[in-house]
Amino acid sequence: MKQNYRTIDQAKKIIAQEEGVVIKNWGGKLPIALVWPNSYRVGMSSLALHSLYRLFNDEPDVVCERVFLGYQQLPQRDEPLFSLESQRPLDEFAAIAFTISYEMDYFNVVQMLRQAGFPLFAAERDENWPLLIAGGPAVYTNPEPMAEIFDAFAIGEGEAIVPPLIDALWEINQAPRAEAYARLAQVDGMYLPTLHHDGPVPRVWVKDIETRPTVTQIYTPNTEFGDRTLIEIARGCGRGCRFCMAGYVYRPMREMHLDTVLAAARHGLKHRDRIGLVSAAVSDHSWIDQIAIELRKMGARLTASSMRVDPISEPLIKGLAESGNQTLTIAPEAGSARMRKVINKPQADAQILHAVELAAKYNFPQLKMYFMVGQPTETEEDVEAIARMALAARQVFPRNIAINATPYVPKSHTAFQWAAMLPVETLETRIKYLQDRLNPNGVTVRSDSAAWAAVEGTLARGDRRLGRVLARMRKVNLREWARALESEGLSQDDFLRERRLDEKLPWESITTGVSKAFFSWDLRRALRDDLTPACPPAGCLKCNACDEEWALRPNHQAVLGPNLGAYGDNFIPLEVSSQ
Ligand code: SF4
């Protein structure tokens, strides 16, 4: 599909509204397309995209340009594809790096390759085509459904992979595919699905998130977070919620020090008066009270990506309220204390309701509560407990309350990777029960489609055969999906069933750090309603995600702040051992 003047004009207008865009001369440089398989508006909300854009463009011999599936709010499936910065088509780049956060964007990947005129499968593309590389949490945890489409996968964190990847790409520019694949396989963290690796490819990660802080690189009004500077104040989470893929694969938790957060904020305030704090659990940062207080003193308006209630940071809640945030969001995830033990998120009812009281005290216009429906061992009594929890919040909070009742999708590389996904009909019945029970009582119940959640579940724990299913689909709808599965002789139920503990799992081609033995141990504890303690700040090698250098780092206490809630009872104040 050729560029047309309307879309080129649109791209130029978008660039003209950006601060921080990098426009490089292509001469003598390695051109890399950084592709987000969704719209500009969605992609530019992702700090990961900002970080990769900087990592690639920081290399003087690389020119990296962004490609999106359209520049409207929703993906555009009928527009020509070209890079934003220089409006070049994809086949002019040496390599194309997709970053994929969400399995449902696999449909968009296929669409983009078709729009760009690329043969879909790697086996059909020779060295005259750019190398297609994918990274991001969706493929980082299970590359197999995309394994016949991409040439290579980046398993791990961008800071660790990008520099050696660029070296390799320079060496293999236009080399025959077999030679290129062999060289890429030498880069730590690269998985080549057509090659035989000696065991699962381990993820790579960085210990230092301070030296090059992950912050907004490009400011644009054309995205959800266009009014703020996003700062990643911590990466990973040691709480061990058993459903949470991000919590496991970004282990161990690494914090950015208070001074670095404040320095990044000072810089960000030159662009926007709002600072968005980003991490798996913002309120778990050991300096969170000081961060909130100091940023408010600097005149910053605050937002937070996520929050726990055990403990809750009142200075943060106060700072969010004073900053004009309209909604306070908390995530109990389950209504009953028993289910919260099963999922290893043991927030007490009293802690959850205390957060609701603070939302009322600081006059938030809206309270949002996130729950999941269909987690392992859930009964109807547990669903009723969600309703009771929401009604208890209704008693305390006088303004709008909405709950999200999201169908639970088991993910690879979590303790629940072996669990069956609940049938669509059961999920729908339980969500409907909540709607009927809560809507008349002034609590709005929102949910995602259970049928599409089952598609997500299939892709999340799928295998290599699913690439052919995606290729068969000419439209993205449930009927076409069912038809494509059937044509390939596959059954969705087979992907959503419970897996045996001794079964070889498709995603064992890679490891994300946490060992299979830890997951099976943790699953057994879940089925006994036993809690697994949160990570200690150091001195632990239990799940295998930390290495000895990290576990035994000598200065860990010196950089910790006073909020030690993230470590539960596991805080070790003095000695560090290797056990
Ligand atoms: S090795 Fe220990 S501290 Fe490190 S992530 Fe695993 S459980 Fe947490």
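I began with K297 and E294, whose side chains meet in a salt bridge at 3.2 Å, N to O. This is a predicted model, so I keep that in mind for every entry. Both residues sit in helix α10 (residues 288-297), 3 residues apart, about one turn of the helix. That spacing makes sense to me, because an α-helix has 3.6 residues a turn and residues three or four places apart point the same way. I then checked accessibility: K297 is exposed at 62%, whereas E294 is partly exposed at 28%.

Next I looked up R340, which forms a salt bridge with D349; their closest N and O atoms are 2.3 Å apart. R340 counts as buried, with 1% relative accessibility, while D349 is partly exposed at 40%.

Which helices does the pair R437 and E384 tie together? I first noted the salt bridge itself, 2.6 Å from N to O. R437 belongs to helix α15 and E384 to helix α14, so the pair links parts 53 residues apart in sequence. E384 is buried at 13%, and R437 is partly exposed at 27%.

Last, I searched the whole structure and got 47 salt bridges. I also noted a salt-bridge network linking E157, E159, E232, R235 and R254.

Key: Residues numbered from 1 in each chain as written. Predicted model: local features only at pLDDT ≥ 70, side-chain atom pairs only at ≥ 80, totals over all residues. Heavy atoms only, no water. Salt bridge = Lys/Arg side-chain N within 4 Å of Asp/Glu carboxyl O. Helix = DSSP H or I, 4+ residues; strand = E, 2+ residues; numbered from the N terminus. Buried < 20%, exposed > 50% of the residue type's maximum accessible area, 1.4 Å probe, protein only.
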